[in-house]
Amino acid sequence: MAAQKALSLNIQDVQTLLSAYMPMLERGGIFVPTRERYELGQEVYLLLTLPGENDRVPVTGQVVWISPEGVSGRRIPGIGIQFGPADQAVRDRIENLLAGHLDKGALTYTL
């Protein structure tokens with residue numbers, strides 16, 4: 001298994017958060033645009049800044065989705081990170097931010 005890598009993601013607005021959040025994952029997750037190579041199952045450390053906040057929230061998760069560079073369609077290269085068990089508070093903050101923009105039934109979407 002490759003060494004843990006650190007990433008940083010600054011989400012400026014709720015619409016961007018809406019498109020990056022991955023609610024279909026068991027513990028929630030987030031899509032991080034990157035051209036770096038990662039492997040499925042690789043552990044990553046992410047410093048996440050949410051809309052309207054200045055603090056970077058540390059998240060430790062696993063790569064569960066890879067969208068490689070050069071993929072067909074208009075997909076952005078990057079990785080989907082599933083939040084770790086200790087990151088429930090981050091998931092709650094994200095879902096609270098999105099609550100005004102979605103009803104709970106709409107929190108599942110297809111990538």
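Across the protein, pLDDT averages 86, and 85% of the residues score at least 70. The model is predicted: local features need pLDDT of at least 70, side-chain atom pairs count only at pLDDT 80 or more, and totals for chains, interfaces and linings use all residues. Residues are numbered from 1 along each chain as its sequence is written, and side-chain values use heavy atoms, with hydrogens and water left out.

The protein contains 2 helices and 5 strands. Both kinds of element are DSSP runs numbered from the N terminus: helices are H or I with at least four residues, strands are E with at least two. Along the sequence, the pattern is β-α-β-β-β-β-α. Among contacts with a separation of 6 or more, 65% join residues 24 or more positions apart. Of the 111 residues, 41% count as buried. Buried means under 20% relative accessible area, exposed means over 50%, and partly exposed lies in between (1.4 Å probe, protein chains only).

The largest nonpolar core has 23 residues. Such a core is a set of buried Ala, Val, Leu, Ile, Met, Phe, Trp, Tyr and Cys residues joined through side-chain atoms within 4.5 Å. Strand E1 (5-10), H1, E2, E3, E4, E5 and H2 each supply at least two residues of this core. In soluble globular proteins, nonpolar side chains tend to be buried together. Ile30, Val32, Leu46, Leu48, Ile79 and Ile94 have the most contacts inside the core.

Ile79 sits in strand E5 (residues 78-83). Ile79 counts as buried because its relative accessibility is 1%. Pro68 lies 11 residues from Ile79 in sequence, and their C-alpha atoms are 8.1 Å apart. Leu46 has its own set of partners; residues up to four places away aside, they include Leu7, Leu9, Ile30, Val32, Val57 and Ile81.Helix H2 (residues 88-99) has 12 residues. From first C-alpha to last, H2 reaches 16 Å, close to the 16 Å expected at 1.5 Å a residue. That expected span is 1.5 Å times one less than the number of residues. Val90, Arg91, Ile94, Glu95 and Leu98 are buried in H2. They lie on the same side of H2 because they cover an arc of only 130° around the axis. The arc is that of the directions from the helix axis to the C-beta atoms. An α-helix has 3.6 residues a turn, so residues three or four places apart point the same way. The buried residues of H2 pack against helix H1 (14-20) and strands E2 (29-33), E3 (43-49), E4 (57-67) and E5.

The structure holds 2 salt bridges. A salt bridge is a side-chain nitrogen of Lys or Arg within 4 Å of a carboxyl oxygen of Asp or Glu. Arg93 pairs with Glu53, with the closest N and O atoms 2.3 Å apart. This pair links distant parts of the chain: Arg93 is in helix H2, Glu53 is in the loop between E3 and E4, and 40 residues separate them. Arg93 counts as partly exposed at 33% relative accessibility, and Glu53 counts as partly exposed at 26%. Arg91 forms a salt bridge with Glu95, their closest N and O atoms being 3.1 Å apart. Both lie in helix H2, 4 residues apart, about one turn of the helix. Arg91 counts as buried at 15% relative accessibility, and Glu95 counts as buried at 15%.

Note on methods
pLDDT = per-residue confidence, 0-100. Contact = heavy atoms within 4.5 Å.
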